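Q: I have just opened this entry. Could you walk me through it?

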Amino acid sequence: ADIPVIPDLEEIQEEDLAMQVAAPPSVQVNRVLTYHDLDKDLMKYAAFQTLDGEVDLKLLTKVLAPEHELQEDDVGWDWDHLFTEVSSELVTEWDLGQSERED
């Protein structure tokens, strides 16, 4: 009575699992903090002043770059121009290496 049975192909075709779709996972979306919020929290909470209660991070927090220094403008890349620039630099380096070997 407890002998496993191999299902017939006809039984498997009847189950048609191809039409079943798994439910998407539910993910709670949290608000992403801005640099300004992070800066305020860093200076406000003493927990950020030490690491593992042993390493003092005060000096590091004093020299962190402000947000306006980190922001960069988006620059478009032109593949042909970029390829020409990189290959030109490589050829120049190769020529310098060849001239040093000859000397």
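This is a predicted model: local features need pLDDT of at least 70, side-chain atom pairs count only at pLDDT 80 or more; totals for chains, interfaces and linings use all residues.

Q: Where is confidence lowest, and where highest?
A: Confidence is lowest in helix H1 (residues 9-15), with a mean of 65. The highest value, 90, belongs to helix H5 (residues 79-102).

Q: How many helices and strands are there?
A: The protein chain has five helices and two strands. Starting at the N terminus, the order is α-α-β-β-α-α-α.

Q: Changing topic: how much of the chain counts as buried?
A: Of the 103 residues, 4% count as buried. The chain exposes about 10600 Å², and carbon and sulfur atoms supply 57% of that area.

Q: Which residues form a nonpolar patch on the surface?
A: The patch consists of Leu33, Tyr35, Leu38 and Leu70, which together have about 360 Å² of accessible area.

Q: Where is Leu70 found?
A: Leu70 lies in helix H4, which spans residues 67-70.

Q: And why does Leu70 count as partly exposed?
A: Its relative accessibility is 45%. Leu70 is therefore neither buried, which requires under 20%, nor exposed, which requires over 50%.

How values were computed
Residues are numbered from 1 along each chain as its sequence is written. Side-chain values use heavy atoms; hydrogens and water are left out. Patches are made of residues with over 30% relative accessible area and no salt bridge: like charges are joined within 9 Å, nonpolar side chains (Val, Leu, Ile, Met, Phe, Trp, Tyr) within 5 Å. Accessible areas come from the Shrake-Rupley method with a 1.4 Å probe; for residues, only the protein chains shown count as cover. A salt bridge is a side-chain nitrogen of Lys or Arg within 4 Å of a carboxyl oxygen of Asp or Glu. Helices (H or I, at least four residues) and strands (E, at least two) are DSSP runs, numbered from the N terminus. Buried means under 20% relative accessible area, exposed over 50%, partly exposed in between (1.4 Å probe, protein chains only). pLDDT is the predictor's confidence in each residue, from 0 to 100.
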